Amino acid sequence: MKKNASKAPAGKTKQECPGALNPVRRAVAALLCALMILSLSSCWSRRELNTLAIVLATAVDEGKESGELKVTTQIVSPGEIKSGPSSSGSSASKKAYANIDNTDKSVISALDGFTHITNRKMYFSHNRILIFSREVAQKGILEDLDAFTRNYETRMNVYLLISKDKAADILDEEIELEQMPANHIAEMLEAQHSNSETAIITLLDFDIAFLSGSTAPVAPMIEMYEIDGKKKARLEGTAVFKQGKMIGELNVAQTRGLMWATGKAERATITIDTKDGKVDLLIIHAKGSMKPVKAEDGTFRIRLKVYAEGDIESNETGKDMSSVENTEMLQEQVEEFIRAEIESTLKHAKTLSADVFGFGEAIRRDYPKDWEKIKENWDSEFSGLKTDMEIDVKIASSGEMGKPVVQGGAE
Amino acid sequence: MKLEKGSISGRALIFAVFCFMQGTMLRSAFIVVVTKNDSWAMAFTGLLGSLLLTAIYAALLRRFQEKNLFEINELVFGPVVGKVFSVLYLFFFLSLAALNTHDIGDFVVGYMMQETPLAAIILLFVLICVYAVRKGIANIVRLSTVLCIIAMSAVLINTVLMLNEIQPGFIKPLFQLPLGKYVQGTITVAALPMGEVLAFTMIAPMLGKNKKAGKMMAYGLVLAAVFLGIVLLRDILVLGPMAGVFRLPSYESVRYVKLAGILTRMESLYAVVLIILYVFKVSILLYACVLGLAQLVNFKSYQPLTLICGALVFFYSLFVYKSVMEHADWGATVAPIFSLTFELVLPSAALVAVSIKKTIRLRET
């Protein structure tokens, strides 16, 4: 009864004047507001922009002593970023980045060691590339990758690269058009779609390939070269892994063979030597697919299908390559060219006994029961695996002209 | 004695069930660990299982017009045994509220604010839920239409943005795991997110007609299953075998979105939607607790109990797990059995008791 009595007036005041609050309620509301302001500022572990070291690239090398790793990070130096390309006067000014390195027995302990040498805390969300030196890769990078996959700040779309020499040197490349080597390399990788000569591999791609068990993960390689006294980086070939260790390389042509077969090739320029001279063809669309075919005796063959469509980009022969016979001749030559690239990759992969194409995975997906039987000795199966190639090239256009411009061609 | 105020429409209940289920996307790793690349199918087999459970709840609600689960217990089993049943349900709702609160706390601490203590986040979270329940559950349920639109568009937009990263090959080979795995996956889906629809038996009387309630819950579940299927399929096609490795596959796949270098880092949007959905879910569970407790102790109003139950949920959620690993282990092994005890065994017992009573009465007349 008492409860009802106390409840009724409260309801009544509410009805009469919904906006008014009694002093107690007002105090509670004020307290709640204060609490919200405090929590919204979220200053428990705040990290202001000027206290962060934004990491754009990480490079892992071997340390001086065995078992040690040298980790180098490239950090943005925000005050030095200029809008627009560097002018002549700015050559004397400082770089827009700083490379910091530390050596310890693992990636994480080396990164922890940074707290002893910098005032800022490393922030990895914007890390774009991850470079391992060849020596580290040959000893196995899986243990090191775990830290990058597990951490909450790092992302799975960081690009993975293997450097032929010291990985830290790559981050010191002297570049002209960009201000930070990390951005230069990341964007260069993204632009590799136009030549299909580099495998673009993210951390996720690498992890997925490794998890499949039969597929040999690959990663693009980068090396330094010197031109006009300047050290620059260049993408060159592909590293092949097995059991997390780098066991071999594919050269540029073999890399493109891999790209054709796995359907990752998009655009490419192909130069054909005809009997009259050179013709360059630009492949604009390419598609590739693989399908395992089971023979009656239970053995597998892989059927590779590649379809490419392109234009004549340049014609140095002086002959009219736009005629139907010549176009067909060119198409056949390009088909032969692509077939040779894939065969070269296949042959090399078999000598490495590394299934870079993911043939095993294709069999597992389509014939899971048979795969259980052959997966134990997949290495020997792979080296004896037969492939059928169906390559179809279509030359759709001859560019802006039909006949080439030759002297007297107008007659 | 009617403790509930306000009324809700049937459509609002559908969307409320949907929102209630969608938050559980966060825990999709429980399923992906078991059924790997076939997990998307579990959304639908699990739906069948949960529809079975819903049929039991619907049958109970139909027999007792405008009564909620706790009132039904007392009517079926009498005041003493009925109260024992009600206490068990109360424990279940409280546990669910605590588990879900802990989940969202873990998520915020783990992925966004590593150094903030769990208690600070959970406290704020529970306070919001308490506030929401005090202001009346009908308002929250009505809000579900808006939340539903937000949640659906978040899923659809993210999925469209990810189309670029999808590799259809990851779905193969189809259904090659041992049968036991699929049974386990189905039970997990049916019991963990979907069977929790039991909480809506506390809200159903607000519809006015209990007859409709079962149908509306079923519609809500179907809608939720479709979206759970989409999310699981998307995660599997983007992450492949890595979906079974990550703790939060759906969060990780959203992180992978990278469109034209501009539309990247979408995960914070997704996190906001997730937190809103969890506020909704825990509010419903908290309401079920509070209303049940009020009826158990014969209070005239449930409002004074809200803060007390909120405090209970707060402390319970702090020690409900020691670590994320223990949580994952519990989720994959014990949780379905724990949940099914309350979702299947107890309601079935009530239904059987009702039927026996009815036949006895028929025979007497």
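Author: Let's start with what a contact is: two residues touch if their C-beta atoms, placed from the backbone, lie within 7 Å. Helices (H or I, at least four residues) and strands (E, at least two) are DSSP runs, numbered from the N terminus. This is a predicted model, where local features need pLDDT of at least 70, side-chain atom pairs count only at pLDDT 80 or more, and totals for chains, interfaces and linings use all residues. Residues are numbered from 1 along each chain as its sequence is written, while chains are lettered from A and ligands numbered from 1 in the order in which they are written.

Reader: Which residues of α1(B) meet α6(B)?

Author: B:A12, B:L13, B:F15, B:A16, B:F18, B:C19 and B:Q22 in α1(B) meet B:V141, B:R142, B:S144, B:T145, B:L147, B:C148 and B:A151 in α6(B). By class that contact has 10 nonpolar, 3 polar and 1 charged residues; Ala, Val, Leu, Ile, Met, Phe, Trp, Tyr, Cys and Pro count as nonpolar, Asp, Glu, Lys and Arg as charged, and the others, Gly among them, as polar.

Reader: At what angle do the axes of α1 and α6 of chain B cross?

Author: Axes are lines fitted to C-alpha atoms, for helices over the stretch in contact, and angles run from 0 to 180 degrees between N-to-C directions. Here the axes of α1 (residues 10-22) and α6 (residues 137-162) of chain B come within 8 Å and cross at roughly 55°. Angles under 35 degrees count as roughly parallel, over 145 as roughly antiparallel, 65 to 115 as roughly perpendicular and the rest as oblique, so α1(B) and α6(B) are oblique to each other.

Reader: On to chain A. What is the order of the strands in the open sheet?

Author: Two strands pair if DSSP finds at least two bridges between them. The order of this 4-stranded open sheet is β10-β11-β12-β13 (chain A), with mixed pairing. β10 (268-274) and β13 (386-397) of chain A each have a single partner strand, so one side of each lacks a neighbour in the sheet. On average, neighbouring strands are turned by 35° against each other, direction ignored.

Reader: How many bridges join β11(A) to β12(A)?

Author: There are 15, and those two strands run antiparallel. A:G288 stands opposite A:V306 in β12(A). β10(A) and β11(A) are also antiparallel, over 7 bridges, with a hairpin of 2 residues joining them. By contrast, β12 (residues 300-315) and β13 of chain A run parallel, joined by 11 bridges; A:K305 has A:E390 as its bridge partner in β13(A).

Reader: What lies across β10, β11, β12 and β13 of chain A?

Author: Helix α10 (residues 324-352) of chain A does, running at about 145° to β13(A). Helix α11 (residues 359-366) of chain A lies across β11 and β12, at about 40° to β11(A).

Reader: How many residues does each chain bring to the contact?

Author: Chain A brings 17 and chain B brings 18. On the chain A side, α8(A) gives the most, with 5 residues.

Reader: Where in chain A is the pLDDT below 50?

Author: pLDDT is the predictor's confidence in each residue, from 0 to 100. Where it is low, the predicted coordinates should not be read in detail. The mean for chain A is 86, and 90% of its residues reach 70 or more. The pLDDT is below 50 over residues 1-16 of chain A, a stretch with 1 contact beyond near neighbours in sequence. Residues 86-92 of chain A also stay under 50.
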